Amino acid sequence: MSDNHIDQKVLGELQEVMEDDYLRLLETFLEDSELRLGELHKAKSADELGHAAHSFKGSCGNMGAVVLAELCRQLEDRVKQQPLYGIEDLINQIDREYDAVRQLYRDECRRVSVG
Amino acid sequence: MAVEIALSQDGQDLTIKVKGRFDFGKHQEFRDAYERQGRTFKSVVVDLKDATYLDSSALGMLLLLRDHAGGDSADVRVLNTSSDVRKILAISNFDKLFNIS
Amino acid sequence: MVDHQPLTVLIAEDGAADRLLLARIVRNQGHAVLTAENGEEAVALFAEKRPQLVLLDALMPVMDGFEAARRIKKLAGETMVPIIFLTSLTEEEGLVRCLEAGGDDFLAKPYSPVILSAKINAMDRLRRLHATMLQQRDEIARHHNHLLNEQRVAKAVFDQVAHAGCLSAPNIRYLQSPYALFNGDLLLAAFTPTGEMHVLLGDFTGHGLPAAVGAMPLAEVFYGMTAKGYGLAETLREMNAKLKRILPVDMFCCALLLNLNFERRMVEVWNGGMPDGYLLSASGGEPLPLVSRHLPLGVLDSAQFDEQTEVWPLAPDDRLFLLSDGVVDTCDEHEQLFGVERLKQALVANRQPERLFEDVLQALERFGGQSRDDVSLLEIRAVAPQVLAPPPVVYSDSGESSPLDWSLSFEFRAQTLKRFNPLPYLMQVLQEIHGLRIQSGALHSVLNELYSNALEHGVLGLDSSLKRDASGFAAYYQERSRRLQGLQEGFIRLHLHVEPQEGGGRLIIEVEDSGKGFDVGRVLARPLVEQRLCGRGLSLIRRLSRHAEWADEGRRARVEFAWEALA
């Protein structure tokens, strides 16, 4: 699997740190990410949107989802500049990127549970 | 060093030079100056050229030195005293115990 | 990888995955972990479990990290609980907020186990250092309290001794720091049995307890000997010998002693190492300095000690002003000393005698010196002897065994006259007669006069007319001292005769000397004013005793005291 969505070196380190709990970490991240995406979509103000983007950026960074983390950073920056039109494009990009990495993390889950 | 020592060539005469305030803070250094030599001297000179002030504990230190150098038979001279220092020595009448100039 | 003591670490982070990861990293480093999902939970957990270190996400729901940090720091009180903020905040403003809320460090996402470990260790070192510091601070505070308490007790004990005297007499005014004892400053005053006043202002070398320890024996000698009627010379010799014996070589006591005789209107002064005191004449004029002429007490051996005093006339309302070196040695910001000249100016400028202290203190203040805590001031005013009422002596015996029929004779010869004062001893013998105790002040005064007449005018052949003015007065006492030192022959004979009488008893004192005698009739015919200054106290003797007469051309005095039977 060749892609630049996820930093494989980070994944390797996470597995080393988490040992038996690696699978649980991956699953927790996916569950958590659903919540974060929900918050992104439900945000009623620039502030709420910025917060959600900031939190999501942090956990993506920790998990090696580098592209997703970068998109969240852009979103966090963008909400600071009114007006907000055109911001939906950025959220859509985050959705698409998340779809991609979700698949990759699920593959990783399968690999770990089989191995 | 606020207390400096010098020995004559034959090692018989000791000069102790005190700089700055001559007070309790110099106690250990002053004592070391003559005790460290591990011997007694024919004469001891205390040079106060660079001493700015002298308090009663300094007078006590001079008494200790005199005692160490032989008490009543000691040859202890106090040199280069400023007028302020001389006043303090005069009030205590230390000129009766020390050769002061 | 545990190279230090395990800690309990509280992690507050709202992202479940981040929390899981962080908890694992910290656990792997050997620490126990508590986790919270928001600030409120974190504060509650902290209050309950008191973890030693906190990792806090800045942005959390319910209560954010900033508020949580403030509350945790408040709960922690003096204990240092390091807080490391977990943040992907990058802008300065956010980081400043973390620090302001009490954060000690940051950890950026993504987390690095190596950096986190290093930070936890660094914070733990800081925490320990802080704990040690608190412990030491508390220990110092404990020691300090202990010391203060010891000082309080020591001072209370000392005050019992020091205030045994007459510092509260109406003609004495003094100003002294309550902790003067621990500055080495000492102030003592007491009446002799004849109503003379002995005063000592002293200053021990150094500060603190070492300076205070010498005060006790000095006070005891002072009070003991003064109460027994010893003069300044004997008291000084004894104090010097005692201090020389008990103090280390580098410790001594500067002292100024006064003996004020209000009856004979004179003051005797000995100054060893104290700043000049002053005699301020009631009639104005230059203050007369009481100069230090001796080494301080406790420096010289008894053989070398010089107890020679100076004597000055003392008119009513003349004042003696004594001070500690704290006054003249007060420094301004340029290390300039207040000095003797400024003090003298203040003394001369003083118009209202009762404001003397205030004037001196004001001059010190104007000078701008740093106030020192060891300033002692003392002022004694010359008054009529009747103004002062020396406290009655308390006797411990019942009087049942009082001896009533005896005689006693002494002959004191030259070598003894030089150094020995027999009066305190004789007074002690006479105190055994209960009926006389009520007159013991008068008895003491009369004995004193008789003895000094016999010694000064008889044996030493001094001419009392020398004492006509102030300079002659001083010269007289210098000459007295010179002749006494050179004395080779001569004697004073003393006879005491006690016998019972109807309803009481009587004491006859006879004092005989080897001198040339004097014209009794002429001296007694002089006006009283003249007699007082340069006479032989003859009128005093006649006033205080029942009967007084002189025989053998004035070489022999005979004085009688009588008493009634005690109820």
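Residues are numbered from 1 along each chain as its sequence is written, while chains are lettered from A and ligands numbered from 1 in the order in which they are written. Because the model is predicted, local features need pLDDT of at least 70 and side-chain atom pairs count only at pLDDT 80 or more, whereas totals for chains, interfaces and linings use all residues.

## Chains B and C in outline

Chain C contains 18 helices and 20 strands. Here helices (H or I, at least four residues) and strands (E, at least two) are DSSP runs, numbered from the N terminus. Chain B has 3 helices and 7 strands, and from the N terminus on its elements follow the order β-β-β-α-β-β-α-β-α-β.

Burial and contacts rest on C-beta atoms placed from the backbone. A residue is buried if 20 or more other C-beta atoms lie within 10 Å of its own, exposed if 12 or fewer, and partly exposed in between. Two residues are in contact if their C-beta atoms lie within 7 Å. The table sets out the values for the two chains.

| Chain | Residues | Buried | Contacts at separation of 6 or more that join residues at least 24 apart |
|---|---|---|---|
| Chain C | 567 residues | 41% | 68% |

## Contacts between chains

In the contact of chain C with chain B, 14 residues of chain C meet 12 residues of chain B. On that side, chain C presents 7 nonpolar, 5 polar and 2 charged residues. For these classes, Ala, Val, Leu, Ile, Met, Phe, Trp, Tyr, Cys and Pro count as nonpolar, Asp, Glu, Lys and Arg as charged, and the others, Gly among them, as polar.

## Two annotated positions

Helix α3 of chain A also holds H54(A). An unreviewed UniProt entry gives this residue the annotation "modified residue: Phosphohistidine". H54(A) is buried, because 20 other C-beta atoms lie within 10 Å.

In chain C, an unreviewed UniProt entry lists D57(C) under "modified residue: 4-aspartylphosphate". UniProt positions are given in the numbering used here, feature names are shortened, and annotations may be inferred rather than shown by experiment. D57(C) belongs to strand β3 (residues 53-57). It counts as buried because it has 28 C-beta neighbours inside 10 Å. Apart from neighbours within four places in sequence, D57(C) contacts A12(C), E13(C), D14(C), G65(C) and L86(C).

## Cores and strands of chain C

A nonpolar core is a set of buried Ala, Val, Leu, Ile, Met, Phe, Trp, Tyr and Cys residues joined through C-beta atoms within 7 Å. The largest such core has 101 residues, and those with the most contacts inside it are L188(C), L218(C), F222(C) and L257(C). This core lies between domain 2 (163-387) and domain 3 (406-564) of chain C, because both give residues to it; the domain bounds come from an automatic or database domain assignment. A second, separate core of 59 residues includes A17(C), F46(C), A101(C) and M123(C).

Strand β8 (residues 197-204) of chain C is mostly covered, with 8 of its 8 residues buried. On one side of β8(C) are M197(C), V199(C), L201(C) and D203(C), and on the other H198(C), L200(C), G202(C) and F204(C), so that both faces are covered.

Two strands pair if DSSP finds at least two bridges between them. Strand β7 (residues 185-191) pairs with β8(C) in the antiparallel sense over 7 bridges, and L188(C) has L200(C) as its bridge partner. The hairpin of β7(C) and β8(C) has 5 residues between the strands, and G195(C) takes a positive phi near 90° there. Strand β9 (residues 253-261) also runs antiparallel to β8(C), with 8 bridges joining them. In this pairing L200(C) stands opposite L257(C).
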